Structures are given as C-alpha cells and as structure tokens.
Amino acid sequence: MDYKKAGVDIEAGYKSVELMKEHVKKTLRPEVLGGLGGFSGAFSLAKIKEMEEPVLLSGTDGCGTKVKLAMIMDKHDTIGIDAVAMCVNDIACAGGEPLFFLDYIACGKNYPEKIASIVKGVAEGCLQSEAALIGGETAEHPGLMPEDEYDLAGFAVGVCDKKDMITGEDLKAGDVLIGMASSGVHSNGFSLVRKVFEMTKESLDTYYDDLGTTLGEALLAPTRIYVKALKSIKNAGVKVKACSHITGGGFYENIPRMLKDGVKAVVEKDSYPVPPIFTKLAKEGNVDEHAMYNTYNMGIGMIVAVDPADVDKTIEAIKATGDTPYVIGHIEDGEKGVTLC
C-alpha cells in the first residue's frame, strides 16, 4: 500500500504545478518575492510606506454551485475568474487596491490538465484586477469528493490609505447612484438556477434567440471585475461616497450595506436594461420580482454614490475602462433601506 493506491497522486500534483506556472507568471507584480512552490507567498510592502495611514483589506469567497455548471459543460477556464472577482470586487468596493490572491482547489482526483485550466482562469482574474497570484493549494480528497468533481475558493489582500476608504459617512440626500452593468448572473443564486433549468449537457448547449447564445454560455459568463473602473473614478478626482458590490442577497441586502443611518436609496428599475437571462429565469422558474431582486444582481454588479456635480466625470471614467454605467437612482433622507420603483 502507498499514497497513490490510497487515492492521492503526488506525481499528478507536481505536474499540475508545472502546467500552471506559465499562467501564474503572467500575474506577477514587482512586489512579489520568490517564485511558485515555496511554503508561503512573499509580497514586499515597500510601496505601502508612502501612504499616510495604510489599511489592509481582505476578502475570501468561492463560486458557489456555479462550479457544477463548469463540470457539466466540461469548461473550466473561466470559473477561476469568478473566484477572483468575488474577492477583489469586495476589496475595491471599500476603496482598496487588490495586491495579491491565493486560490484553494479541492478535488476528488487531480487531473493536471483540468487543474491547470482552472488556474488559467484564476490568473486571468488576477490580470484583470492587477493582483498577483502568489500561491495556492490543490488538495486531493479521495473518498470525500467524487473523482470528477472539485470546488474552488480564494483569498485576496488589498491596501488603502485610510483617508481614501469608502465608508458612506458623507452620504446625503441628493447624491446620485450610478450602477455598472453586470456580465450576467455572476456567482450568486445558482442553487435556484439549477432548480429552474435542466442541468444536462444537452440543455446547457441549447441556443436561445432571446439570449443570443446558449443557455450554458449565458450562465457561465464570468463575473465582471470592477477594480479598474473604481480606480479610474478615483484617478478622475471623484470622491466615491459609498459603494455596494451586488452579490448574494441582490439589491435588498447589499444596497443598505453602503448606507449610513438616516438615509435611504431609491432605485428606478427601468433606468437600465435587465439582461435577458434574468427575464428567462423569472419566467421559467415562476420567480416573483421581489425574489429576483433579493437574489440576483439583475444586471447591475456594482453601485457607487457620488455628488451630483461628479456624475458626468464618473460616467466617463467608468466608460474609459470598458464598463457600462447607468444613473439608476438617488439618496433620500429616511430610514436606512432601499426602495425600488
């Protein structure tokens, strides 16, 4: 008896590391010390010394049951973008710059090419957010997970000068809400998605005119990363007063998180186009409107609140990064919460 006969292939692990090195290398920043394969990832904090009062920000998350679709479709090169997005968007939402990311892949059996494909997506997410991929772990779990299944999670660290943190403290009535378009369902609500739609390769490969793509491609579209858009707004000289990353819990849970006591957000539902995947999901699953806005991003992945005088500059800064902005509402005095009208 040896480890391989027990279900853990150390040689496959070595091969996975070799295959992923080319993807990891693309993400390295000047601050990264050492290479892949050490016991820890090292990152120089020399640049942080230039800040008045540096604050470290962190985020950890996974992709939920969206990985099930990747497995059914046997497409593994974008799910890593989702893992990165869920972490770095939260950091950017607080005003921070993501510095580095680490991934964790648990699998029933290590298929090196599949693991490398997953990490390729992670590296792409890191490139989009300008974060370095400085380490990770691939854990083989025979007997705990089926051989062809895996799960993916990650952890990111960012930094912000305390004076630049987005806290919502300066929000006031009249401030304008600007939403940035999502790329689709992102990484939340897939347990409901999998109840509404038939989760077979044939079903997911079916093309729909109203979607303009196959169902699987529409659902698996990677989560939009908004790091560059938020950085562009800051570089334009605009002070973002509050910011909300629209993830699990949709509008009703996430928008109040950006508010201080004594103000409420008013969002106009017809101020932007709702992507057809949400219309199809609501219709085929008989999901009522409140539940949709309480579960999904409904086409808006990130919301910023700015002074009315900064609206034009904010919109131009967002467009400059390839994102699509919409004026979707405003702030009013009142009990903390959100009203959709």
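This note sets out points on the salt bridges and on one helix of the structure above.

1. The model is predicted, and local features are reported only at pLDDT of at least 70, side-chain atom pairs only at pLDDT 80 or more, while totals for chains, interfaces and linings use all residues. Residues are numbered from 1 along each chain as its sequence is written, and side-chain values use heavy atoms, with hydrogens and water left out.

2. Side chains of opposite charge can pair when their charged atoms come close. The structure holds 23 salt bridges, a salt bridge being a side-chain nitrogen of Lys or Arg within 4 Å of a carboxyl oxygen of Asp or Glu. One of them joins Glu-31 and Arg-29, with 2.9 Å from N to O. Both Glu-31 and Arg-29 are buried (buried means under 20% relative accessible area, exposed over 50%, partly exposed in between, with a 1.4 Å probe and protein chains only).

3. Lys-162 and Glu-53 also form a salt bridge, at 3.8 Å from N to O. Lys-162 lies in the loop between strand E6 (150–161) and strand E7 (176–181), and Glu-53 in the loop between strand E2 (42–43) and strand E3 (54–62), so the pair ties together parts 109 residues apart in sequence. Helices (H or I, at least four residues) and strands (E, at least two) are DSSP runs, numbered from the N terminus. Lys-162 is partly exposed, at 45% relative accessible area, and Glu-53 is partly exposed at 42%.

4. A further salt bridge pairs Lys-239 with Asp-170, whose closest N and O atoms are 3.6 Å apart. This pair links distant parts of the chain, 69 residues apart: Lys-239 is in the loop between helix H8 (227–235) and strand E10 (242–245), and Asp-170 in the loop between E6 and E7. Lys-239 is partly exposed, with a relative accessible area of 43%; Asp-170 is partly exposed at 44%.

5. Asp-161, Lys-163, Asp-164 and Lys-234 belong to one network, joined by salt bridges that share partners.

6. In helix H10 (residues 276–285), the buried residues are Ile-277, Phe-278, Lys-280 and Leu-281. They line one face of the helix, because seen down the axis of H10 they fall within an arc of 160° (the arc of the directions from the helix axis to the C-beta atoms). The face turned away from this buried side carries the exposed residues Thr-279 and Lys-283.

7. Helix H5 (190–196), strand E8 (207–208), helix H7 (215–220) and helix H11 (289–293) are the elements against which the buried residues of H10 pack, contact meaning heavy atoms within 4.5 Å. Just after H10, Asn-286 has a positive phi of about 55°.
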